[in-house]
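Subject: Structure handover

Hello,

Here is the structure I promised. Please open it alongside this note, and then read on for what turned up.

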Amino acid sequence: MDMRDIATDNVLSRKAQAARRAIEARGMSVEKALRRALARTAEEAWNLALIAREARQAGLDQDGVADILEREDQMILLLDGPDGALGFACLDRQAVTALVEVQTLGFVTDLAPDDRPLTPTDAAMAAPLVEGALARLADYLGDDPLAAEAAGWRFGAMIDHPRIAINLMTAALYRTFEAALDMGGGRRMGQVALVLPDRAAARPDP
């Protein structure tokens, strides 16, 4: 067997494994799908061991979303969605530090994170976790109505202040997905919140 055959076999094997995981994920709860989406994204992107705990989803009005956006010491990402929709992703400093470390050092440390201002470079390094997790969440949910809510989101920009994000809210209701993150074998414990407009609630009932 030559190198081309070996490479082809490797590609086919990876595709088969991905398809098998997707089939296994069908029909799982939203919370389990979220945990798996976050873990699989981190593993495939950076070989990062990530365990998502306390996964939960909820429907919130703008006041409830504002409470999430105003949490201390976190980074807010603006997400661009289908039909001009705007969403948000919030990652605390521990989560951002872990993602930066694994991409610059190749591993996650347990050193105390510094208190420097978070930057657009940090945001760009954190964005693949958010984009990948949402794409996988939509895939895992299959025919669940929430699958359409999670599909089609891309990183837009870093938001410097919670008040800016609050002023960008246009939907009356939002769907939130949150989890605690255990990264690098427990070296860092972080938090992530994904906030998407509840487009199903906005559509008129036929």
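This is a predicted model: local features need pLDDT of at least 70, side-chain atom pairs count only at pLDDT 80 or more; totals for chains, interfaces and linings use all residues.

Second largest pocket
- Its space comes to about 150 Å³.
- Five nonpolar, two polar and four charged residues make up the lining of this pocket.
- The lining includes E70, R71, D73, M158 and H161.
- β2 gives the largest share, three residues. Both β2 and β4 (154-159) supply at least two residues each.

Largest pocket
- This one holds about 190 Å³ of space. It has 14 lining residues, and T97, E101, P113, D114 and R116 are the closest to its centre.
- Seven of the lining residues are nonpolar, two are polar and five are charged.
- The largest share, five residues, comes from α4.

Helix α4
- α4 covers residues 93-104. Its 12 residues should span 16 Å at 1.5 Å a residue, and the end C-alpha atoms are 16 Å apart, so the two agree.
- Is α4 mostly covered or mostly open? Mostly covered: nine of the 12 residues are buried.
- T97 and E101 are among the buried residues of α4. Both are also among the residues closest to the centre of the largest pocket.
- Just after α4, G106 has a positive phi of about 90°.

Best wishes

Definitions and conventions. Residues are numbered from 1 along each chain as its sequence is written. Side-chain values use heavy atoms; hydrogens and water are left out. Helices (H or I, at least four residues) and strands (E, at least two) are DSSP runs, numbered from the N terminus. The expected span of a helix is 1.5 Å times one less than its number of residues. Buried means under 20% relative accessible area, exposed over 50%, partly exposed in between (1.4 Å probe, protein chains only). On a 1 Å grid over the protein atoms alone, a cavity is a set of points where a 1.4 Å probe fits but cannot get out, and a pocket is an open set with protein on both sides within 12 Å along at least five of seven lines; lining residues have an atom within 4 Å of a point. Grid points are joined across faces, edges and corners, and a volume is the space filled by probe spheres set on the points. Ala, Val, Leu, Ile, Met, Phe, Trp, Tyr, Cys and Pro count as nonpolar, Asp, Glu, Lys and Arg as charged, and the others, Gly among them, as polar.
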